[in-house]
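This report looks at a structure through selected residues, the contact between its chains and its aromatic pairs. The sequence and the structure are shown first, and the discussion follows.

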2 protein chains.
Amino acid sequence: MSNTNLKLNEINELATKILLKYGCDNENASAVANVIEAAEAAGCHSHGLMRLPGYVATLKSGKVNGKARPTIENLAPAVVKVNGHNGFAPYALQQGRSHLIAAANKCGIAVMSLVGIHHFAALWTEVEPIANAGLVGFACTSYKPAVIPAGGTKALYGTNPIAFGWPRKDNPPMVFDQASSVMARGEVMLAAREGHTLPDGVGVDINGTPSNDPNEVLKGALLAFGGHKGSSIAMMVELLAGGLIGESFSFEAAVRDNADGGPPQGGELMIAIDPSLLGDADNWSDHSEKLFHKIKEQKDARLPSDRRHKNRIESNRSGVMVADILLDKISTL
Amino acid sequence: MSNTNLKLNEINELATKILLKYGCDNENASAVANVIEAAEAAGCHSHGLMRLPGYVATLKSGKVNGKARPTIENLAPAVVKVNGHNGFAPYALQQGRSHLIAAANKCGIAVMSLVGIHHFAALWTEVEPIANAGLVGFACTSYKPAVIPAGGTKALYGTNPIAFGWPRKDNPPMVFDQASSVMARGEVMLAAREGHTLPDGVGVDINGTPSNDPNEVLKGALLAFGGHKGSSIAMMVELLAGGLIGESFSFEAAVRDNADGGPPQGGELMIAIDPSLLGDADNWSDHSEKLFHKIKEQKDARLPSDRRHKNRIESNRSGVMVADILLDKISTL
């Protein structure tokens, strides 16, 4: 498969240009292009330019308002509510972030609910700025049914990722971001696009039969990681990013969605905690480095975000290889 | 194996009597006995009377102060800090709970850090009262190294359970409580006591070799559920219940511990969220029942706490069968 090397600013400009062409205003185009660039820079190609056709599809179908202006309310001292008014998630997140951080700095912990958004990005790009502000961050979001509840036969939960970020003084934050499925839907899509088969135990076809064909699994369903434990986490995400904040569960989002290939309307929950207010203000950071050291001194163990940070340094220097088949697809937009 | 039927109040009285004998005051003995009774009632025998010899060992060795008086501070509007002053966790949790609930009712979300406690119970018994107060609850705690970090070879993380509770109007709360290991250490202890072998993929012996012998695995280490994803959750628990709040990581707790067979000193983190302040006060509960309905209509899927609630009804009616080998052991105390 042939690839083309693109600099990060070229990726950002390409995404921005196309989003503007299909009706985004500058603020929304820029917010979405930034998360696409961040994903490509970190080597998370499944959330990079590969998502651009999906973003465009939702603008073309009119499902998403590319000029949406998020509104922000404080529902309680530690509760920030952001209504995306049917826009893409990145701009709503960007606008709400400072309010969440301010509430956490004041109360010690705060929660941000996001409703009326269309989420199509990687969660770590959203938790990282919280950690860069010195706060511990957590985020979760649902999607459309893709994962079978433990003991069941049909997709009910979204892939429902959770992300957790931890600020570090002399290093980029430690951030993990993991789907509640054994494999992220984005990775299955990537396997389908590149013609790879899937390992055993990742998913089932539309009849509930185990399959290694990513195309069949995309029509069927994924399995939760770790059996009933991952399934419980997927359920928790439905409740936090849906039931708790008055947004859709994945199965409701799917019913309402127009199936244009882009993200449905849904919700997201973020929590931020200020470690300076939890009782060990002077020592929590140095102390926690001891844990990271203990992890890294073991054979092949590493911190979840180490690869992303390494990729980012390399991408800043040398750009990113993008598949020509994807660039061809984008050029038709 | 022979068993004896005990009524729940008999279990409570037996535990109370022994805890008082070994130096607990009434408040601490009662708080611990209540969580032992709750575990037996719910069919979670691994956290019931089976733990009594361990509680006693810590009192005999002088590691735990059975007369500890927890102190409570508000570090910020939404932060409650409880210092257990080297007592058992149940009394500290009981004393802090109303402060956590009050802070969540006021701020929308609140966090309680518990330090200087010795935790030897099931987390669901702690999250359930939060849910019974109408709040969404989350709790996590670390222990002593038992779980290998993904890619590593040696136990570093505790079994590090997380629990999540969701209040329901016409039903007992939905609560799940799951160790970050494939199998809880309590279950492995139970298998060792009852002479069962373990399934594949649960743990390794002291040399890092996979083993099905619970006694070997208790000396060796457990694997995290779902590979690197469960490992990341175990790490998150270390950070939340240790680094964030100024308490020990599992590996530090083990170094300080006197290995008397009971729980080391450690920390715990609880979060409570008031759903009436998250933007969908009138509908969140009914709405969320639709998700539970969708889960339960699938073949063998069930809500995580259904079995506990069912066991509890049965135990209230008919008491609990307790292994005579355990009662013999307790009678020597």
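## A buried glutamine at the chain boundary

B:Gln298 has a relative accessible area of 6% and is therefore buried, a value that comes, like the others in this report, from a predicted model. In chain B the residue belongs to the loop between α10 (284–296) and α11 (306–318). Its side chain reaches across to chain A, where the backbone nitrogen of A:Thr153 lies at 2.8 Å.

Once residues up to four places away in sequence are set aside, B:Gln298 touches A:Pro149, A:Gly152, A:Thr153, A:Lys154 and A:Leu156.

## The contact between chain A and chain B

Chain A contributes 74 residues to the contact, and chain B likewise contributes 74 residues. The area buried between chain A and chain B comes to about 5,800 Å², with carbon and sulfur atoms giving 75% of this area. On the side of chain A, the residues that lose the most area to chain B are A:Lys229, A:Leu244 and A:Leu278, which together account for 12% of what that side buries.

Between chain A and chain B the count of salt bridges is zero, whereas 20 residue pairs are found in polar contact across the interface, with both residues at pLDDT 80 or more. Helix α8 (residues 228–243) of chain A supplies eleven residues, the largest share of the side of chain A that touches chain B. Sorted by class, that side of chain A consists of 44 nonpolar, 17 polar and 13 charged residues.

## Aromatic pairs

A pair of aromatic rings is described by how far apart the centres are and by the angle of the planes. Over all chains, a search of the whole structure finds 13 aromatic pairs. One of the aromatic pairs joins A:Tyr55 and A:Phe88 in an edge-to-face arrangement, with 4.9 Å from centre to centre and 85° between the planes. Because A:Tyr55 lies in helix α3 (residues 52–60) and A:Phe88 in strand β3 (residues 79–88) of chain A, this pair ties together parts that are 33 residues apart in sequence. A:Tyr55 and A:Phe88 are both buried.

The rings of A:Phe225 and B:Phe225 form a stacked pair, because their planes stand at 20° with the centres 5.3 Å apart, and planes under 30 degrees apart count as stacked. This pair crosses between chains: A:Phe225 sits in the loop between β10 (221–222) and α8 of chain A, and B:Phe225 in the loop between β9 (221–222) and α8 (228–243) of chain B. A:Phe225 counts as buried at 3% relative accessibility, and B:Phe225 counts as buried at 3% as well. Elsewhere in chain A, ring pairs link A:Phe164, A:Trp166, A:Phe176 and A:Trp284 into a cluster.

## The surroundings of B:Ala224

B:Ala224 is placed in the loop between β9 and α8 of chain B, and with a relative accessibility of 10% this residue counts as buried. Apart from neighbours within four places in sequence, B:Ala224 is in contact with B:Val147, B:Ser180, B:Ser181 and B:Val182, and also with B:Gly230 and B:Ser231.

How far apart are B:Ala224 and B:Glu314 in sequence and in space? The separation between B:Ala224 and B:Glu314 is 90 residues along the sequence and 33 Å in space, taken from C-alpha to C-alpha.

Note on methods. Residues are numbered from 1 along each chain as its sequence is written. Chains are lettered from A and ligands numbered from 1 in the order in which they are written. This is a predicted model: local features need pLDDT of at least 70, side-chain atom pairs count only at pLDDT 80 or more; totals for chains, interfaces and linings use all residues. Side-chain values use heavy atoms; hydrogens and water are left out. Contact means heavy atoms within 4.5 Å. Buried area is the accessible area (1.4 Å probe) that two parts lose on being put together, summed over both. A salt bridge is a side-chain nitrogen of Lys or Arg within 4 Å of a carboxyl oxygen of Asp or Glu. A polar contact is a pair of N or O atoms within 3.5 Å; within protein, one must be able to donate a hydrogen and the other to accept it, and residues adjacent in sequence count only if both atoms are side-chain atoms. Helices (H or I, at least four residues) and strands (E, at least two) are DSSP runs, numbered from the N terminus. Ala, Val, Leu, Ile, Met, Phe, Trp, Tyr, Cys and Pro count as nonpolar, Asp, Glu, Lys and Arg as charged, and the others, Gly among them, as polar. Rings of Phe, Tyr and Trp (its six-membered ring) pair if their centres lie within 6.5 Å; planes under 30 degrees apart count as stacked, over 60 as edge-to-face and the rest as tilted. Buried means under 20% relative accessible area, exposed over 50%, partly exposed in between (1.4 Å probe, protein chains only).
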